[in-house]
Amino acid sequence: IANAAFLNQGGGVIIDTNTGLEWEQDANHGQVNWGDAGTYVTGLTLGGGGWRMPTRSELHQLYDDISAV
C-alpha cells in the first residue's frame, strides 16, 4: 500500500497507520491452519492483549488495497 506507514509501538506490536490494524512484530510462526491461528491470537498478550483474527471483510479490504497499487 503506497501510503502505508508502519510504526513500532514497542512490546512487539507494529501499527499500520493506513488501516489502523496492529500486527505482531515477529509473526513468523511457520504454516498454521485458521483454527490454530485463532487459538494463538486469543492467547496473545502483546500490547495488553485483546487480539483477534481479521474478519473476511477486513481481509478482502487488504487484498483490494494491495491490488489497487
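Two strands are taken as paired if DSSP finds at least two bridges between them. Helices (H or I, at least four residues) and strands (E, at least two) are DSSP runs, numbered from the N terminus. The model is a predicted one, in which local features need pLDDT of at least 70 and side-chain atom pairs count only at pLDDT 80 or more, whereas totals for chains, interfaces and linings use all residues. Residues are numbered from 1 along each chain as its sequence is written, and side-chain values use heavy atoms, with hydrogens and water left out.

The secondary structure of the protein chain comprises two helices and three strands, arranged from the N terminus as β-β-β-α-α. Of the 69 residues in the chain, 17% are buried (buried, under 20% relative accessible area; exposed, over 50%; partly exposed, in between; 1.4 Å probe, protein chains only).

The three strands form an open sheet with antiparallel pairing, in the order β1-β2-β3. Neighbouring strands are turned by 35° against each other on average, direction ignored (axes are lines fitted to C-alpha atoms, for helices over the stretch in contact, and angles run from 0 to 180 degrees between N-to-C directions).

Strand β2 (residues 13–16) is joined to β1 by four bridges. Within this pairing, F6 has D16 as its bridge partner, N8 stands opposite I14, and G10 is partnered by V13. The hairpin of β1 and β2 has two residues between the strands, and G11 in the turn has a positive phi of about 65°. Five residues lie between the strands of the β2 and β3 hairpin, where G20 takes a positive phi near 80°. In a regular strand the side chains alternate between the two faces of the sheet. In β2, V13 and I15 point one way and I14 and D16 the other way, and all are buried.

Helix α2 contains L62, which is buried, with a relative accessible area of 16%. L62 and T19 are 43 residues apart in sequence, and their C-alpha atoms are 8.5 Å apart in space.

A search of the whole structure returned one salt bridge (a side-chain nitrogen of Lys or Arg within 4 Å of a carboxyl oxygen of Asp or Glu). The side chains of R52 and E58 form this contact, at 2.7 Å, N to O. R52 is partly exposed at 48% relative accessibility, and E58 is also partly exposed, with a relative accessible area of 22%.

The largest pocket holds about 720 Å³ of space. A pocket is here an open set of points on a 1 Å grid over the protein atoms alone, where a 1.4 Å probe fits, with protein on both sides within 12 Å along at least five of seven lines; lining residues have an atom within 4 Å of a point. Grid points are joined across faces, edges and corners, and the volume is the space filled by probe spheres set on the points. The lining comprises 27 residues, of which W23, V41, W51, R52 and P54 are the closest to the centre. At least two lining residues each come from β3, α1 (34–42) and α2 (56–67), and α1 gives the most, with five. By class, the lining has 15 nonpolar, seven polar and five charged residues (nonpolar: Ala, Val, Leu, Ile, Met, Phe, Trp, Tyr, Cys and Pro; charged: Asp, Glu, Lys and Arg; polar: the others, Gly among them).
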